[in-house]
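Please read the following explanation with the model open beside it. The text goes through the chains in turn and then through the places where they touch.

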Amino acid sequence: MEKTAHIFEYKTLALTLAGLLIMTGVTVGAAYIDLGWVNVWIALAIASIKASLVLVVFMHMKFEGRALRWSFLSTVGFLAVMIGFTFWDVAFR
Amino acid sequence: MEAVKSFYDTPVPARFTGMLSWLITLDHKRIALMYLFAILFWFLLAVLLGGAIRLELMFPGANIMHADLYNSAFTLHGVIMIFLFIIPALPAVFGNFFLPIHIGADDVYFPRLNLLSWYLYMTGGVIAIVSLFSDGFPDTGWTFYVPFSISTHTNVSTAVFAAFILGFSSMLTGLNFITTIHKMRVKTMGWLQMPLFTWSLYATSWVQLLATPVITITLVLVMVERVFNVGLFDPARGGDPILYQHLFWIYSHPAVYIMILPGMGVISEIIPVFARKSIFGYKAIVASSMAIAIAGSLVWAHHMYTSGMSDTAVFVFSLLTFVVAIPSAIKVFSWVATLYKGAIQMTPPLFLSLCFIYLFSVGGLTGLVLGAAGANIHVHDTHFVVAHFHFTMFGGTGFAFFAALHYWWPKMFGRMYDFKKAYAAAVLVTAGFMLHYVPMFVLGLQGMPRRYYDYLPQYAAGNFFAGFGAMFMILGIGLMMVNLMVSFRRAEAAGPDPWGGVTLEWTVPSPPPVHNFVTDPDVLDYPYDFSRVVAGAVKKSRGT
Amino acid sequence: MAPSDPSGKKMGMWLFLYTEIILFGGLFVLYAVYFARYTPDFIDGAALLDRGFGIVNTVILLVSSFFVAAGITAVRKGHTRIVLAGLWGALACGAIFLVNKYVEWGHKFENGIYPGSETLVDSPGGLNLFFGLYYVITGLHGLHILIGMSLLAVCLVLVYRRKITAQQDALLENSGLYWHLVDLIWIFIFPLFYLVV
């Protein structure tokens, strides 16, 4: 039951790398602009975009089915709960 | 049916014989039995420890142990029971043995990983034994709260390392089962045709997979703090000890669902068979299993109401705790509804399942008392808590384990045990259990703290009766085990289907052949369709 | 007893990756709380780290992920030499990363900044926690780089022995997934430790 293998062309991979390097530059640049508490959220947002590129392209998530997508999102969701729900405590002491 | 060789006679890989054919097996059934052997050892050891603890508490003052030894005794009892018995028992023994058969497969997806899980389990056990010596077993309680777990001179690092290793065993089993269920179901079996035990293992496996890493990192941090003194939980260095509790319970609360979900799955298998009736609300039970796994991951800080965390957190977690009780209740309703107007046949597995339903319900209801923030202030860290979790973990999972043993014994070993002694043992254990733990609810409400080797004179009567209950309970467990072991001496072989079951294990010989099936598995359209069983029984009773 | 569906091997690896995400996640819980509580100290801590090393290491890992991803494409197209180049490249990147880490940590040790050091014990709590988390998280991450490199090295040997081919690329694919995850984790570590302002 061999499906045709999923392949990203070298060019696509190189473009993805370029995107990742550019985003790295952006996040470093953003660190030179003091926006107070917004900085960390910008950094996390950019990191998430970079992570998505690695996930979707390098890790082939684009080709994967529901099971893997949903389970990945559930894992990240659980992580969000771990951090978020702890803040019910920490933020209101 | 012509004689098919059982898996006992055909090792996989074929070239090994004797002990090696067990120690280097890839057969999920042999791995299951190796787990059973070790798990029974740890269970019985921890029971005896519990007996020693109750003996100490039976009379005021220090009787057979002083405070330090007592602290290590209840820590050891907890660590063994939780990490070496309750968490692994149902998945590693009955999950391993029956999951592949239930879905029409010939093994799990990763047989070598399965064997590795067993070796990790055994290694964790050995390391736990090592931690008994030199500086002594930890005196921190199985919860290893900081700062005491960092400062105490007992063998915390070693014991915690044992739990760390055991965590990997649990995670890898979960990984294996999830992959097996996704990828190895026989073609004719869709998701909603899987047995409920399979569904319960699926839900459990996700919790094992995702929650266990949290305890892994938490235990690593304890070891790191003991060695490197980083200060992550030390207020003098900026740290917050309550964060340890958060991390600890982010695993350890879902862990109780790892413990109970497979048990509920076993009960969902047994009840329909002995009511000769399809399970009530199959889809509701499926949904509630997944709901328990999910909702159970949101409530951990109900163990922490008195820790010093914010009132907001107390409120939020208390609210969510009440929500998680709902899917559990759905299951109890479904089981009772299944029995209603069924053609009930009493057998030891059914009897134990009925005890489970009662004991677990009491445990669950007292959980609501604990989950209510206001009431919790009064009973936190008292014997009320001890009674609650023994009702759920022992009256629940423990009894489900007994029920599973009695239900699947003839399939695994090809022999049936004596029913009368099985009933006697079950009655003794249940009666002893009630006499043992009900006084603890009262003692807790009266204010007796947990984890104390001694108590005020007004608690003496309750502790005395509890001690008696412990003795009956231990006797009952002993009788149960002996009765099961003695079944090996019987000449008569158990047939493939002594109970009238409809899941796939009852279509194969007892014990099963190495690749599980003789002919292709014949999957029913609906997993609990008893029409054939009932028709067969009617025919038999009419003598046709 | 061959498994019926080989895609299960990949599923198994993804499931394992989820455990790694949660493992590091526990440490990020601590980071999140302490960052919120001690933001000024964390800013001071970040200023004491060498941003240059951080940037270089980030670039190195991104490039290494590219190499590994190219290796997968190559194996499926039968371009064995590119597979080998990809694996060698990723391994070289990993080695450089570890050398950088060693140098970075070495600098800090020389300046009295290490777990339990007098400097840190006497520092404000938030600064102590920043570096405590820095060492634990980057230490655990470094361990995972080593594990990932070991997996890639095994793949390298098997490619030479022609045991990894277009038809049998599961081990390479899974090793690649592991490596990408290690990169993913660093993508978050980098800004949280080196770019706090």
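Helices (H or I, at least four residues) and strands (E, at least two) are taken here as DSSP runs and numbered from the N terminus. This is a predicted model, in which local features need pLDDT of at least 70 and side-chain atom pairs count only at pLDDT 80 or more, while totals for chains, interfaces and linings use all residues. Residues are numbered from 1 along each chain as its sequence is written, and chains are lettered from A and ligands numbered from 1 in the order in which they are written.

On that basis, chain A consists of three helices and zero strands, so that its pattern along the sequence reads α-α-α. Its radius of gyration (taken over C-alpha atoms) is 17 Å, well over the 12 Å that the globule rule (2.2 Å times the number of residues to the power 0.38) gives for 93 residues, and chain A is therefore more spread out than a compact globule. The C-alpha atoms of chain A fill a box of roughly 55 × 30 × 10 Å along the principal axes. A residue is called buried if 20 or more other C-beta atoms, placed from the backbone, lie within 10 Å of its own, exposed if 12 or fewer do, and partly exposed in between; by this count, 29% of the 93 residues of chain A are buried.

Chain B has 16 helices and zero strands. Its radius of gyration of 23 Å is close to the 24 Å that the globule rule gives for 544 residues, so chain B is as compact as a globular protein of that length. Along the principal axes, the C-alpha atoms of chain B occupy a box of roughly 75 × 50 × 45 Å, and 58% of its 544 residues count as buried. Two residues are said to be in contact if their C-beta atoms, placed from the backbone, lie within 7 Å; among the contacts in chain B between residues at least 6 apart in sequence, 83% join residues at least 24 apart.

Two residues of chain B show how burial is assigned. B:G371 lies in helix α11 (residues 348-371) of chain B and counts as buried because it has 21 C-beta neighbours inside 10 Å. Leaving aside its neighbours within four places in sequence, B:G371 is in contact with B:H302, B:S318, B:T321 and B:F322, and its C-alpha atom is separated by 8.4 Å from that of B:F317, 54 residues apart along the chain. B:I326, in helix α10 (residues 311-339) of chain B, has 12 C-beta neighbours inside 10 Å and therefore counts as exposed; the C-alpha atoms of B:I326 and B:A291, 35 residues apart in sequence, are 9.3 Å apart.

Two packed helices are described by the angle between their axes and the distance between the axes. Here axes are lines fitted to C-alpha atoms, for helices over the stretch in contact, and angles run from 0 to 180 degrees between N-to-C directions. In chain B, the axes of helix α2 (residues 28-58) and helix α3 (residues 67-102) come within 8 Å and cross at roughly 155 degrees, and α2(B) and α3(B) are therefore roughly antiparallel (an angle over 145 degrees). The contact of α2(B) with α3(B) has 26 nonpolar, four polar and two charged residues, where Ala, Val, Leu, Ile, Met, Phe, Trp, Tyr, Cys and Pro count as nonpolar, Asp, Glu, Lys and Arg as charged, and the others, Gly among them, as polar.

In chain C, the axes of helix α4 (residues 80-110) and helix α6 (residues 125-160) come within 10 Å and cross at roughly 155 degrees, which makes α4(C) roughly antiparallel to α6(C). Among the residues that meet there are C:L84, C:L87 and C:F97 in α4(C) and C:I145, C:M149 and C:L152 in α6(C); by class, this contact has 14 nonpolar, five polar and one charged residues.

Chain C also touches both of the other chains. Where chains A and C meet, 31 residues of chain A are in contact with 32 residues of chain C. On the side of chain A, α1 (10-30), α2 (38-58) and α3 (66-90) each supply at least two residues, with α3(A) giving the most, nine residues, and that side divides into 22 nonpolar, six polar and three charged residues. The contact between chains B and C takes 31 residues from chain B and 29 residues from chain C. On the side of chain B, two or more residues come from each of α6 (156-183), α7 (196-228) and α8 (241-275), and α7(B) gives the most, with nine residues; the residues of that side comprise 18 nonpolar, eight polar and five charged.

Notes:
Parallel < 35°, antiparallel > 145°, perpendicular 65-115°, else oblique.
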